[in-house]
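Student: Could you help me read this model? I would like to go through it step by step.

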Amino acid sequence: MANQSSPYPILCASFNQDNSGFAISTKDGFKIIDSNTGRLCYDRAVGAFIIVEMLYSSSLLAIVGAGEQPSLSPRRLCFFNTTTGAPLREMNFLTSILAVRLNRKRLVVVLQEKTYIYDSNSLSMLDTIDTVPNLKASEQGTIIRIHLVSEATKSYSFRRGTCSSTIFSLSFAPSLQLPDILVATSSSGSVHIFSLGFETNQRTKKSGSFLGSILPCSVNDALDPAHHHVLHNAVSAGVRSYAVVRKVDNVADSSSSEIASCRAIISLIAYNGYFQEYAFTLNSQNESTWSLEREFNLVAVISGNAETS
């Protein structure tokens with residue numbers, strides 16, 4: 001649980017559903033920042049929060065306190081209206097809330113041993129799922145397994161590394177179909193990208209995916225390092241971080257209509273107070289490059305003195 005003795009200025013961070021904005025929490029309150037410009041859009045100084053989740057760019061936030069004040073219990077989920085500056089509704093649970101996810105149809109609240117699923121409009125409970133205690137969702141953090149939800153089957157396994165590490169974030173690339181890229185951050189300080197291929201008889205035809213048209217046919221070898229790309233030392237080891245794939249584009253060969261490479265924009269928030277955005281490019285030979293496109297100090301945004309580089 002986050003507390004005011006944390007060595008880092010950011011207690012939690014989350015992007016909205018289309019990655020156009022993100023929310024961060026400090027020991028003093030929470031803030032909403034435009035992902036494209038770095039502009040501070042909203043600021044509320046009401047104490048420390050461990051969860052701040054946005055619903056696209058609407059005025060609705062789902063927030064959970066850090067427990068440093070009686071009114072900010074980590075067992076209470078509050079729906080907050082940024083326009084009126086007032087809470088809309090509260091939901092109380094028996095144990096601390098570990099995670100909240102929401103969209104226009106569903107609200108998911110994760111506790112240590114139970115997950116609740118609600119209708120987002122009526123907040124009526126649709127289902128509960130019993131889970132086992134696992135504060136990390138992994139003991140070693142060396143293998144990442146991807147499951148196909150519709151069939152409840154394991155589709156891919158990727159090796160992040162050989163040394164134990166805590167996984168901080170996992171995020172799929174936005175896609176109208178099924179995602180081809182998974183980005184992960186961990187306590188090692190590296191950013192990992194895994195490229196997912198599709199079998200013709202599984203998710204979709206190979207030619208219909210972003211990477212399927214440029215990668216070799218044998219792309220679903222479970223632990224093939226050729227489909228794992230790493231940016232080392234993106235943040236200091238041990239510093240919590242959160243990354244998302246904001247955009248993925250195919251780049252066509254200028255001499256033909258064939259796709260020559262895939263370009264993804266990766267946004268990263270480090271809890272020591274930095275926002276970074278990288279361009280990741282993968283060509284048809286499975287060669288990858290990273291380039292830092294922009295960076296700014298979130299502590300400066302918090303104080304109103306931000307400069308984007």
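Student: Which residue stands opposite Phe30 of β3?

Tutor: Ser25 stands opposite Phe30. This is a predicted model, in which local features need pLDDT of at least 70, side-chain atom pairs count only at pLDDT 80 or more, and totals for chains, interfaces and linings use all residues. Residues are numbered from 1 along each chain as its sequence is written, and side-chain values use heavy atoms, with hydrogens and water left out.

Student: How do β2 and β3 pair?

Tutor: They pair in the antiparallel sense over five bridges. Two strands pair if DSSP finds at least two bridges between them. A hairpin of four residues joins β2 to β3. Strands (E, at least two residues) and helices (H or I, at least four) are DSSP runs, numbered from the N terminus.

Student: And which strand do four bridges join to β3?

Tutor: That strand is β4, residues 40–44, which runs antiparallel to β3. Leu40 in β4 is the bridge partner of Ile33. The hairpin of β3 and β4 has five residues between the strands, and Gly38 in this hairpin has a positive phi near 75 degrees.

Student: Is β3 buried or exposed?

Tutor: Five of the five residues of β3 are buried, so the strand is largely enclosed by the rest of the structure. Buried means under 20% relative accessible area, exposed means over 50%, and partly exposed lies in between, with a 1.4 Å probe and protein chains only.

Student: Which residues lie on each side of it?

Tutor: Phe30, Ile32 and Asp34 are on one side of β3, with Lys31 and Ile33 on the other, and all are buried. In a regular strand the side chains alternate between the two faces of the sheet.

Student: What about the largest nonpolar core: which residues touch the most other members?

Tutor: They are Phe22, Phe30, Val52, Leu61, Ile63, Ile269 and Leu298, out of 27 residues in that core. A nonpolar core is a set of buried Ala, Val, Leu, Ile, Met, Phe, Trp, Tyr and Cys residues joined through side-chain atoms within 4.5 Å. Elements that each supply at least two residues of this core include β2 (21–25), β3 (30–34), β19 (241–252) and α1 (298–303).

Student: What is Val52 in contact with?

Tutor: Leaving aside neighbours within four places in sequence, Val52 is in contact with Cys12, Ser14, Ala23, Ser25, Phe30, Leu61, Ala62 and Ile63. Contact means heavy atoms within 4.5 Å.

Student: New topic: where does Tyr56 lie, and what is its phi?

Tutor: Tyr56 lies in the loop between β5 and β6. Its phi is positive, about 50 degrees, although Tyr56 is not a glycine. Tyr56 is partly exposed, with a relative accessible area of 24%.

Student: Is Leu123 buried or exposed?

Tutor: Leu123 is buried, with a relative accessible area of 14%. Its phi is also positive, near 60 degrees, and Leu123 lies in the loop between β11 (114–119) and β12 (125–130).

Student: Finally, what is the mean pLDDT of the protein chain?

Tutor: The mean is 83, and 82% of the residues reach 70 or more. pLDDT is the predictor's confidence in each residue, from 0 to 100. Over residues 198–208 the pLDDT is below 50, and this stretch has 27 contacts in the model beyond near neighbours in sequence.
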